[in-house]
Amino acid sequence: MAELKKISSTEDGGGTTNIEARFAQFCKNDLPLDDDNFLTQATKLLNESKNLLMTNFSAVGTGTPDEAERYWFAFVLYSVRRLSENGAPAEKGLSLCQILKAARLNVFDFYKELHQFLIKVGSILNNIYGLDWEKRLKAKESQTNFVHLTVLSKKYERAFREFFSIADGNNDKHLVVANTSGCESDYYRFGWLLFLALRVHVFSLCKDLVTCTHGLVSVLAILLIHVPARFRNFNVSDSEHIVMKGDKVDLLASLCNMYETSEDELKKTMEKANTLIADILSKKPCLASERKPENLENIITDGLIYFEDLMDESSLSSSLVLLETDYDAANKNVGELDERIFINENDSLLGSGSLSGGAVTTNGGGAKRKLDVISSPTKTLTSPLSPYRSPASHSNGGIYKIAATPVSTAMTTAKWLRTVIAPLPSKPSVDLERFLSSCDRDVTADVTRRAQIILEAIFPSSGPGQNASLMDNMWAQHRRMEAMKLYFRVLQAMCTAESQILHANNLTSLLTNERFHRCMLACSAELVLATHKTVTMLFPTVLERTGITAFDLSKVIESFIRHEESLPRELRRHLNSLEERLLESMVWEKGSSMYNSLIVARSTLSTEISRLGLLAEPMPSLDAIAMHFDVSCGASPPMQSLLKNEKQGQNGDICSPKRLCTEYRSVLVERNSFTSPVKDRFLALNNLKPKIPPPFLQSAFASPTRPNPGGGGETCAETAVNVFFSKIVKLAAVRINGMVERLQLSQQIRESVYCLFQKILGQRTTLFFNRHIDQIILCCFYGVAKISQLNLTFKEIISNYRKQPQCKPQVFRSVYVDWTAQRRNGKNGPDHIDIITFYNEIFVPAVKPLLVELAPGGSTQTTSQSPETKNNIDGSCPASPKPSPFPSLPDMSPKKVSAAHNVYVSPLRSSKMDALISHSSKSYYACVGESTHAYQSPSKDLTAINNRLNGSRKLRGTLNFDDVDVGLVTDSMVAKSLYVQNGSCSSSPPMPVKSEQPDS
């Protein structure tokens, strides 16, 4: 079989000695770096990593040696600055902006390439700075902070332009708000600097997008109160967003109405901002109702604070200097980004492009953001439990409708949390207490105490020696309460569904399972964190602080979505994206509990799993977590059932001698979706009527060696692995199909790639260990292309993969290998190589027999095996079934096109274009679904549709576009409808596949 030849990189003619000399010159001449200790540490890191630079420079930036070297210098200095014990010189405080200016790089490109650098030099950083270097470096948090500030600065600029009509009195022309000349631009700069002062002095732990948005809106309120009325574009009679009380404007209520902020939180944040103005600027506050300034003539002044000369030209310049000085003093030793660059319109440091952070995607420059293009369904989709939001419309004044942006989307989701979840009780409801007390023993106290400990570990309050403000502690307390209330709410819904199926309230096996409860708490906390778009607690923080693994969490995501009907679409999308992230790589990482189930279900893999040290450590006890995070839960005694790990099952379940698993057999045998993926597919597609969710969680969280109560002779580990593998295959099908369409390959190639992937998963499972499933998919494409004699290069495959929504450069740049077993080229131990080397050295030797079977004349019917097979998956299984054919994938890419109605459209796939435009199929074409009359023309069909949408009379049999109780259109729902329309129960039904979402 033909193998690839890796392109050798050409080294710089100067050699490594010149690199060291140029680095020293860079530090001395281009940077104000005089600290010899810091320079020594930086030089040491450069010396140990320079070989990686020489061999990988073509993969850094645009691939030129000079640019790659500048990137490397910046990475080294930034890492040492953040990780060194003493930091940079206290007087000079080397910042990221200084480093990037000297290296002639921008912030966007720096963060885009930083992750690759950290992957390459990770082992070196381990040796120099210890195993905790990643937590100390906080690279992900830093990137997320940059993304948040980018979207916030854009939000601030848009709001300032809408609220203030800054014009030159001579020619009445609008000035650019970021212009450095004139006091008008000083108002703009003052607002941003005051916002940064809030972030520095008030928001420490709680630098999340929602809290910062409240801070930004409070700054807008202060500007509206103090900026002279002649500059204000605030027409109270023209905007529907203005809240009037009598003939005057309620300013705070109006801002809350525009930006969906909490009025109580806004008032608290304004108090903090007013305190900062008094402290930093030495301004004396007074009640606006007492002074009654002309500036507030049409505004209700009750409760508002006014500073007499805050915006006077005589004092504004000095106020800006004081705010700048305060910011410099607070950030001189941090070494992070100078956040003032966001109000410098022409600052080349920002760069442009798309970065993601904390589930937010943004463009660093002036280009339109991705989330501005795709309107968020949470802005218009509502349910009876969701807060009502009237469709926005243009106004004649300065206030326009708020388009869907990362900030507005976060605020809409936060409003759901504030209005639906926050009012709930912070303890189990009466119905939930009934289930908890109906177990073999009352577990109410256990459940409550566990929730307190786990959530305080996730959202810790400040401890001794920690510099956290009162606002930080309040923020942590509020987030704990929100997560706890959501946890109790969904837990009650799950218990109700289980009891209806079992016709019993005793759910001991589930409600005493420690791992299940921790997964539920982690999922609840993650939704709260995702809602607020936090910077300091990014995923997988919840896994680390609860003691569970990615495999554990993947078991509850689907059930959590199903049992919380009011969950906004943004959070559903977040959980779906999170599940993809878990399935594609995190579940395959070292320490995943999936391997603990895999050694039971596939015993032949136990040797390799043990050799690589992949098994998960025992889940820490609840008391160990409480001690580690210094959690105090009052005087309540510890739960006797949770004191020791050895009293629990391997999966954290607590066995009850009074109840046997076999008593559930008759019920679960017919309705347990955790028995077999094949049976699950038929059950899911057999009926369009909604069914009560089956109680699969009991077997999902049972001990791996325990027999599955659903029957079939499987252990719980075999069932868990089978279901997990079926999810992997479904996810791979979506991604393979996307690549096939992008590469314009034939359906035969698609079938072959899909078949090869299934065979590798079933018979060469070890190739997935410590790797990303896309790495296997890319190799499958090239392997099938070579076998099929298709003219397709790896460069073309990677080039098209870059355009996929889930693409990450490290997928093809850094593939994990362990040379211990191969012992090739004198290499030994773990390493990371590029995808081409992986294909040649690892992939081809392992799957060559499987590729030969796919070749013309090959025996594809021998030793084929699907993921459902329970037998030896690393050897041949003559009795195993053939890999299933490629599943039918419904088109799941709707985009909302109406602000007033629930109307969505999907782009026409190129693969269907020929069928639609062919002469023989024209008569079957309809604009939306089936046409109600013989085809005439698209315009007439669209006219009929519009008449139906806009008419007041309800027509029988038409779609109800006015129904606000519209939930998420799931893949399974579409698959069921397609299957029933086909009307064939004997054929293989289409497998529901999750829609593709980009990673956060």
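Which residue's side chain meets that of R189 in a salt bridge? I looked this up to begin with: the partner is E324, and the N to O distance is 3.0 Å. I count a salt bridge when a side-chain nitrogen of Lys or Arg is within 4 Å of a carboxyl oxygen of Asp or Glu.

Notes on the model. I am working from a predicted model, where local features need pLDDT of at least 70 and side-chain atom pairs count only at pLDDT 80 or more, while totals for chains, interfaces and linings use all residues. Residues are numbered from 1 along each chain as its sequence is written, and side-chain values use heavy atoms, with hydrogens and water left out.

Entry 1, salt bridges. By the salt-bridge rule I get a count of 33. For the pair I began with, I find R189 in helix α9 (residues 183-201) and E324 in helix α14 (residues 313-331), 135 residues apart, so this pair links distant parts of the chain. Helices are DSSP runs of H or I with at least four residues, and strands are runs of E with at least two, numbered from the N terminus. I checked accessibility next: R189 is partly exposed at 23% relative accessibility, whereas E324 is buried at 18%. Buried means under 20% relative accessible area, exposed means over 50%, and partly exposed lies in between (1.4 Å probe, protein chains only).

I then took D552 and R515, whose side chains form a salt bridge at 2.7 Å, N to O. D552 sits in helix α23 (residues 550-554) and R515 in helix α21 (residues 514-532), 37 residues apart. Both D552 and R515 are buried.

A further salt bridge joins D774 and R735 at 3.0 Å, N to O. D774 lies in helix α34 (residues 773-787) and R735 in helix α32 (residues 716-743), so the pair ties together parts that are 39 residues apart in sequence. I note D774 as buried at 2% relative accessibility, and R735 as buried at 2% as well. I also traced shared partners: salt bridges join R189, E324, D328, D338 and R340 into one network.

At what angle do helix α2 and helix α3 cross? I read roughly 135°, with the axes of α2 (residues 36-56) and α3 (residues 65-83) coming within 9 Å. That makes α2 oblique to α3. The axes are lines fitted to C-alpha atoms, for helices over the stretch in contact, and angles run from 0 to 180 degrees between N-to-C directions. Angles under 35 degrees count as roughly parallel, over 145 as roughly antiparallel, 65 to 115 as roughly perpendicular and the rest as oblique.

The residues in contact (heavy atoms within 4.5 Å) include F38, L45 and L52 of α2 and W72, F73 and V76 of α3.

I turned to helix α8 (residues 139-163) and helix α11 (residues 251-259), which pack at about 130° with their axes 14 Å apart. α8 and α11 are therefore oblique to each other. K155, A159, E162 and F163 in α8 meet L255, M258 and Y259 in α11.

Is V844 buried or exposed? I find V844 buried, with a relative accessible area of 3%. V844 belongs to helix α38 (residues 835-854). I also looked at C780, 64 residues from V844 along the chain: their C-alpha atoms are separated by 9.8 Å.
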